[in-house]
Amino acid sequence: VVADATLAVEGYRDRNGIEFPLLLAGITGETASSRLPQLDAVHAYPTTLFVDRQGKVRYVHTGFSGPATGSHYVELTREFDERIKALLAEPG
């Protein structure tokens, strides 16, 4: 089961040209919070964690809005870009 989930995440990464690390923190029947104590609950799939240079979780986003969701996708993309740029602009 873990191997299947890993392959699914790797496929998602490859299809979307993602160059940053992705973490598979659990599978169905496991709680992500047991592996990531910063989370008290993961409420949706996928869950995106924005982590700063010191390794602190700064923002958690749950769910996904794909291109077919129109303005929701545009807003999500803008929000992610702003958060990533802000985190990258912080001193190391």
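Here is a short tour, from the whole chain down to a few side chains.

Before you click: this is a predicted model, in which local features need pLDDT of at least 70 and side-chain atom pairs count only at pLDDT 80 or more, while totals for chains, interfaces and linings use all residues. Residues are numbered from 1 along each chain as its sequence is written, and side-chain values use heavy atoms, leaving out hydrogens and water.

**Stop 1: the whole chain.** Of the 92 residues, 21% count as buried, that is, under 20% relative accessible area; exposed is over 50% and partly exposed lies in between (1.4 Å probe, protein chains only).

**Stop 2: the aromatic cluster.** Now select Phe50, Tyr59 and Phe80, which form one aromatic cluster. How many aromatic pairs does a search of the whole structure find? It turns up 2. Rings of Phe, Tyr and Trp (its six-membered ring) pair if their centres lie within 6.5 Å; planes under 30 degrees apart are stacked, over 60 edge-to-face, and the rest tilted.

Start with Phe50 and Tyr59: this pair is tilted, at 5.5 Å centre to centre with 55° between the planes. Phe50 is buried at 6% relative accessible area, whereas Tyr59 is partly exposed at 23%.

Next, turn to Phe50 and Phe80. Their ring centres are 4.9 Å apart and the planes stand at 90°, so this pair is edge-to-face. Phe50 belongs to strand S1 (residues 47-51) and Phe80 to helix H3 (residues 71-89), so the pair ties together parts that are 30 residues apart in sequence. Both Phe50 and Phe80 are buried.

**Stop 3: a charge over a ring.** The charged end of Arg83 sits over the Tyr59 ring, 3.4 Å from its centre. To qualify, NZ of Lys or CZ of Arg must be within 6 Å of the ring centre and within 35 degrees of the ring normal.

**Stop 4: the loop.** Finally, select Leu22 and look at where the residue sits. Leu22 is in the loop between helix H1 (2-15) and helix H2 (32-35), and is partly exposed, with a relative accessible area of 36%.

Note on methods. Helix = DSSP H or I, 4+ residues; strand = E, 2+ residues; numbered from the N terminus.
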